[in-house]
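Here are my notes on the model you sent, as numbered points.

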Amino acid sequence: MADALSVIPAGVLRNLADKLYEKRKNAALEVEGIVKQLTTAGDHDKITAVINLLTTEFTYSPQANHRKGGLIGLAAATVGLTSEAAQHLEQIVPPVLSSFSDQDSRVRYYACEALYNIAKVVRGDFIIFFNQIFDALCKLSADSDANVQSAAHLLDRLVKDIVTESDQFSIEEFIPLLRERMNVLNPYVRQFLVGWITVLDSVPDIDMLGFLPDFLDGLFNMLSDSSHEIRQQADSALSEFLQEIKNSPSVDYGRMAEILVQRAASPDEFTRLTAITWINEFVKLGGDQLVPYYADILGAILPCISDKEEKIRVVARETNEELRAIKADPAEGFDVGAILSIARRQLSSEWEATRIEALHWISNLLNRHRTEVLTYLNDIFETLLEALSDPSDQVVLLVLEVHACIAKDPQHFRQLVVFLVHNFRVDNSLLEKRGALIIRRLCVLLDAERVYRELSTILEGESNLDFASVMVQALNLILLTSSELSDLRDLLKQSLVNPSGKDLFVSLYASWCHSPMAIISLCLLSQTYQHASTVIQSLVEEDINVKFLVQLDKLIRLLETPIFAYLRLQLLEPGRHMWLLKALYGLLMLLPQQSAAFRILRTRLKTVPTYSFGGEQPRRTSSGNPYQILISGGSQVTEDGDINPNQDSKISHHGINFTARLQQFEQMQQQHRQHSKVQAQLRSNSTSSPTQQDVQRPEELSQTSSDVNRPPSRSRKGPGQLQL
């Protein structure tokens with residue numbers, strides 16, 4: 001200290017702390033001259049003493065004017081040192097940097113001015129303090145004082161020039177600081193950071209691309225900034241980096257892919273578009289590097305396929321197609337399970353397009369990696385079944401294709417049908433709204449006969465009799481009406497002459513017993529008219545209820561469709577098809593006379609000719625076999641149209657034991673009657689005991705009985721309704 005005081009006159013020190021800038025400036029010029037002399041003399045000890053004096057007595061002084069003087073004095077000393085300044089920077093720079101956080105804005109301003117002058121002198125030697133200077137400038141870029149900001153910008157430009165021309169700059173040491181600062185939200189700091197990234201990237205010797213994963217997320221974060229200028233600068237920087245990636249032979253796609261996946265889900269539209277554009281390029285360029293990240297990328301793409309912004313949807317679809325076209329192998333790290341997990345999760349998306357593409361992925365994986373997919377079947381099967389309730393028909397059809405692909409194996413086929421029946425059982429609306437679509441599509445994809453046989457086997461042992469009845473009625477209606485099942489109907493029509501038809505008839509019969517009308521329909525379809533007539537005559541009072549009559553109404557209307565044209569044409573030969581006539585008249589007798597179905601069937605039967613075009617006339621047989629009638633010539637007819645010359649024909653015809661079938665039907669119907677009685681008893685017990693008002697007097701009961709027996713009024717009948 002004493003050495004410094006002996007070198008610098010007291011008047012100079014006094015002026016250096018003066019409140020007037022001109023006096024401080026003149027004093028600094030005096031210090032500069034003194035240091036020059038000492039430098040020329042090589043007296044570095046005294047120079048060190050002068051710097052220590054300026055630091056301790058001025059820059060760290062509690063007086064603002066002293067601090068201002070100290071800063072300008074340190075800058076003057078550096079100028080005086082000229083080429084010798086580098087060895088004293090450890091003393092000069094730290095007190096200047098600490099002044100950047102001074103409470104007085106003028107002190108901060110002079111600190112910028114001082115460091116600017118110091119940097120101009122030392123240039124490249126200045127780099128060792130780069131991180132501290134960068135951190136200080138980062139804070140000053142958001143300073144509340146406009147003059148300080150302006151001074152900081154001037155200093156920033158000079159530092160950038162020094163860095164770009166220096167060969168001592170260490171990007172490795174700088175990146176951690178940059179990564180830390182990228183999370184700052186202040187718009188001025190963001191502009192400062194983007195400016196530095198752009199400058200450093202322009203330096204050929206600095207490999208910013210190699211460190212891009214460290215600050216890429218920060219750049220994407222800026223794309224949603226409220227300032228248009230910042231968004232534009234960030235986008236420009238990202239575009240430049242993307243172009244470099246396209247031209248670079250070596251890029252770390254993996255780390256960046258993780259960032260892009262997260263940003264693709266950003267609530268900001270511009271961020272999503274930029275992220276999905278980058279992902280699109282990565283899929284094209286990344287190759288094997290991206291294989292471990294396929295699942296994450298797919299998880300980002302699928303939601304964007306349904307984005308509200310068309311540009312995003314277009315890029316997402318293109319990326320999805322490119323990703324699906326890549327033939328990766330599990331041995332190369334391709335995680336089938338992860339892809340399936342993503343697709344399964346996206347099946348719950350609220351957007352139809354996303355659900356559709358998720359199903360395309362599952363189907364694609366099944367085709368390419370069937371063995372691996374089937375190992376994860378338990379993870380996705382339940383979700384695929386739930387997807388059958390999807391409001392979109394297109395989704396349901398795709399789900400069925402996936403199910404059909406899985407069900408190529410017998411064990412999986414059985415599992416599919418069992419689970420499908422279970423879903424129909426627990427979700428009545430699924431059977432009602434989608435049952436026909438599901439069954440018809442499965443019949444196309446998996447062979448109708450195979451599907452119906454399996455369904456029949458399952459329903460035969462169904463413990464829920466109400467559900468079994470409803471399910472059989474639904475299957476029966478599909479069988480009678482669907483164009484996809486025309487081959488199945490043709491096979492059933494040959495039940496009496498074709499072993500395959502007979503086997504199918506017997507297979508369906510077991511479960512069709514749950515519904516009388518289904519059995520009657522099956523018999524009419526398979527031309528086992530005598531058995532149909534026998535079934536009709538076996539019905540008892542409990543069987544003929546409202547549900548039965550509704551089903552009967554449907555059947556009568558179906559008899560007028562082209563599907564049953566063969567049956568109507570058979571009525572031209574009443575002598576040959578007596579059991580058909582008897583069956584139809586039996587149905588007519590069951591219908592209420594006021595119903596539309598009654599009038600339809602009666603009108604049809606009136607058209608039956610009284611003679612047979614085949615010349616055969618019916619006669620009664622003396623045999624006790626109900627399955628035989630006589631035609632002219634003495635031959636017997638077993639079932640319709642099948643002439644059996646053997647007078648001792650047994651009850652089994654063409655391998656079908658109709659007596660056993662009838663017993664099977666009656667036993668099943670007895671179970672349904674018992675079940676109905678139990679249900680009625682439970683309902684009766686659940687209701688409270690009747691109050692006095694609920695008990696009808698004898699005359700009221702008489703009046704009610706009279707109302708029931710009276711024919712219904714025509715005015716009550718609605719279109720397409722049965723009058724019962």
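1. Confidence. This is a predicted model, with a mean pLDDT of 86 for the protein and 88% of its residues at 70 or more.

2. Stretches to treat with care. The pLDDT is below 50 over residues 640-652, a stretch that has 34 contacts in the model beyond near neighbours in sequence. It also stays under 50 over residues 688-724, for which the model has 24 contacts beyond four places in sequence. Where pLDDT is low, the predicted coordinates should not be read in detail.

3. Overall make-up. The protein has 36 helices and six strands. Of its 724 residues, 51% are buried. Among contacts with a separation of 6 or more, 70% join residues 24 or more positions apart.

4. Helix 6 against helix 7. Two packed helices are described by the angle between their axes and the distance between the axes. For helix 6 (residues 89-98) and helix 7 (residues 105-122), the axes come within 9 Å and cross at roughly 155°. Angles over 145 degrees count as roughly antiparallel, and helix 6 and helix 7 are therefore roughly antiparallel to each other. The crossing of helix 6 past helix 7 is left-handed. Helix 6 contributes L89, I92, V93, V96 and L97 to the contact, and helix 7 contributes A111, A114, L115, I118 and V122. By class, this contact of helix 6 with helix 7 comprises 10 nonpolar residues, with no polar and no charged ones.

5. Helix 30 against helix 33. Helix 30 (residues 529-538) and helix 33 (residues 578-590) have axes 7 Å apart, at an angle of about 25°. Angles under 35 degrees count as roughly parallel, and helix 30 and helix 33 are therefore roughly parallel to each other. Helix 30 passes helix 33 in a left-handed crossing. On the helix 30 side the contact involves Y529, Q530, A532, S533, I536 and Q537; on the helix 33 side it involves W579, L580, K582, A583, G586, L587 and L590. The contact of helix 30 with helix 33 has eight nonpolar residues, four polar and one charged.

6. Helix 14. Is this helix mostly covered or mostly open? Helix 14 is mostly covered, with eight of its 11 residues buried. The buried residues are Y253, G254, M256, A257, I259, L260, V261 and R263. Against them pack helix 12 (212-222), helix 13 (228-247), helix 15 (269-286) and helix 16 (294-304).

7. R263. This arginine lies in helix 14 (residues 253-263). Buried means under 20% relative accessible area; R263 has 17% and is therefore buried. Leaving out residues up to four places away in sequence, R263 touches D217, F220, N221, T271, R272 and A275.

8. V417. V417 is in helix 23 (residues 410-426). At 4% relative accessibility, V417 counts as buried. Its C-alpha is 6.8 Å from that of L455, although V417 and L455 are 38 residues apart in sequence. Not counting residues up to four places away, V417 touches E454, L455 and I458.

9. L430. L430 is placed in helix 24 (residues 428-446) and is buried, with a relative accessible area of 3%. Apart from neighbours within four places in sequence, L430 is in contact with L388, S389, N423, F424, G435 and I438.

10. Backbone angles to check. Most residues other than glycine have a negative phi, and most peptide bonds are trans. D447 has a positive phi, near 85°, and is not a glycine. D447 sits in the loop between helix 24 and helix 25 (448-460) and is partly exposed, with a relative accessible area of 44%. Q527, also not a glycine, has a positive phi of about 65°. The place of Q527 is in the loop between helix 29 and helix 30.

Definitions and conventions:
Residues are numbered from 1 along each chain as its sequence is written. This is a predicted model: local features need pLDDT of at least 70, side-chain atom pairs count only at pLDDT 80 or more; totals for chains, interfaces and linings use all residues. Side-chain values use heavy atoms; hydrogens and water are left out. Axes are lines fitted to C-alpha atoms, for helices over the stretch in contact, and angles run from 0 to 180 degrees between N-to-C directions. Helices (H or I, at least four residues) and strands (E, at least two) are DSSP runs, numbered from the N terminus. Angles under 35 degrees count as roughly parallel, over 145 as roughly antiparallel, 65 to 115 as roughly perpendicular and the rest as oblique. A crossing is left-handed if the near helix is turned anticlockwise from the far one by less than a right angle, and right-handed if clockwise. Contact means heavy atoms within 4.5 Å. Ala, Val, Leu, Ile, Met, Phe, Trp, Tyr, Cys and Pro count as nonpolar, Asp, Glu, Lys and Arg as charged, and the others, Gly among them, as polar. pLDDT is the predictor's confidence in each residue, from 0 to 100. Buried means under 20% relative accessible area, exposed over 50%, partly exposed in between (1.4 Å probe, protein chains only).
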